[in-house]
Amino acid sequence: MKKKVLLMGKSGSGKTSMRSIIFANYVARDTTRLGATMDVEHSHVKFLGNLILNLWDCGGQDAFMETYLESQRDYIFRNVEVLIYVFDVESKEIKKDLAYYDECLEAIMHNSKNAKVFCLIHKMDLIPEDNREKVFKKKEAELVKLSHPMKVQCFKTSIWDETLYKCWSQIVYSMVPNIGTIEANLRNFTNICGADEIVLFERATFLVIAHSTAKDHPDVHRFEKISNIIKQFKLSCSRAQSQFESMQVRNQNFKAYIEGFTPNTYVMLIVTDPGIESATTSLNIKAAKKHFATILAGNQMI
């Protein structure tokens, strides 16, 4: 199942940097070497076995934007599943940025009226921390109003923290066809294991696909922080010519298990019940692998 994703926004807004971090294993400090995207760069990213993201990274220079909106309008905006539009939070040409966005929305409504639209207010690290939420809410309200009647979901993002992973995890989540079945089975698995929480990560990107939570946790960004940490650890293993397979972390309060689960995922289990033996949890993970591999291949089971 192939889904077309447009990644758009003005030149220099950070589109290619975020794509390289999520899909090409760059770290934030290395993105300074990336040049501007010329015209459209196509890439195919395989997710969960049967889901392929056909990602179109569209160069944001004025000449390219005008071409997309005029002579290539139907070619660019036809059969789009998701439009991701990136705004530089400190842009000095906000009126031009909004005008291009408005034209892109018009083209989407004409060619792909059922497409999902996500707006990323990017480079939020440049805004003082105590003012970020206020700046974001103001821009979000402006974009929601401009986008009507289309629905838009906005995110504040930066390549320097976990917000980038949170945003892209939710975008990918919106495209997983049998997500309800996956979540139902994760809830059953959580109950069987006596776990506090189980999280399913995509294997290559370590984006969060789904989770089941039995006990609330105060840190709403915990999954994305773990995504970032484990992905960097995986890269370190690769540089040492080793392959990351699994990890266990324990202290007096909890036990965490992270390991390869299906051909396209990793799983993380958090257990705080001291009466549950590690060997039991490991056996439960092993026993569930085949079942979840079938579900993630698209064959629904409960």
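Which residue just after α8 takes a positive phi of about 60 degrees? That's Gln241. Before I go on, a bit of housekeeping. This is a predicted model, with local features needing pLDDT of at least 70 and side-chain atom pairs counting only at pLDDT 80 or more, while totals for chains, interfaces and linings use all residues. Numbering starts from 1 along each chain as its sequence is written, and side-chain values use heavy atoms, with hydrogens and water left out.

OK, α8 itself. Helices here are DSSP runs of H or I, at least four residues, and strands are runs of E, at least two, numbered from the N terminus. The helix covers residues 222-239, and its 18 residues should span 26 Å at 1.5 Å a residue, which agrees with end C-alpha atoms 26 Å apart. That expected span is 1.5 Å times one less than the number of residues. Among the buried residues in α8 are Phe223, Ile230 and Lys234; buried means under 20% relative accessible area, with a 1.4 Å probe and protein chains only.

Glu202 is buried but has no salt bridge, and the nearest side chain of opposite charge is Lys234, 7.2 Å away. For a salt bridge you'd want a side-chain nitrogen of Lys or Arg within 4 Å of a carboxyl oxygen of Asp or Glu. As for charges, Lys and Arg count as positive, Asp and Glu as negative, and His and the chain ends are not counted. What the Glu202 side chain does reach is the backbone nitrogen of Thr205, at 2.7 Å. Glu202 also touches Lys46, Phe47 and Asn264, among others, leaving aside residues up to four places away in sequence; contact means heavy atoms within 4.5 Å.

Now Asp196, in the loop between α7 (179-193) and β7. Asp196 is buried too, at a relative accessible area of 9%. Its side chain makes a polar contact with the side chain of Thr272, at 2.8 Å. A polar contact is a pair of N or O atoms within 3.5 Å; within protein, one must be able to donate a hydrogen and the other to accept it, and residues adjacent in sequence count only if both atoms are side-chain atoms.

Last stop, α1, residues 15-23: how many of its 9 residues are buried? The count is 9 of 9, including Lys15 and Arg19. Just after α1, Asn25 takes a positive phi of about 65 degrees.

Definitions and conventions:
Buried < 20%, exposed > 50% of the residue type's maximum accessible area, 1.4 Å probe, protein only.
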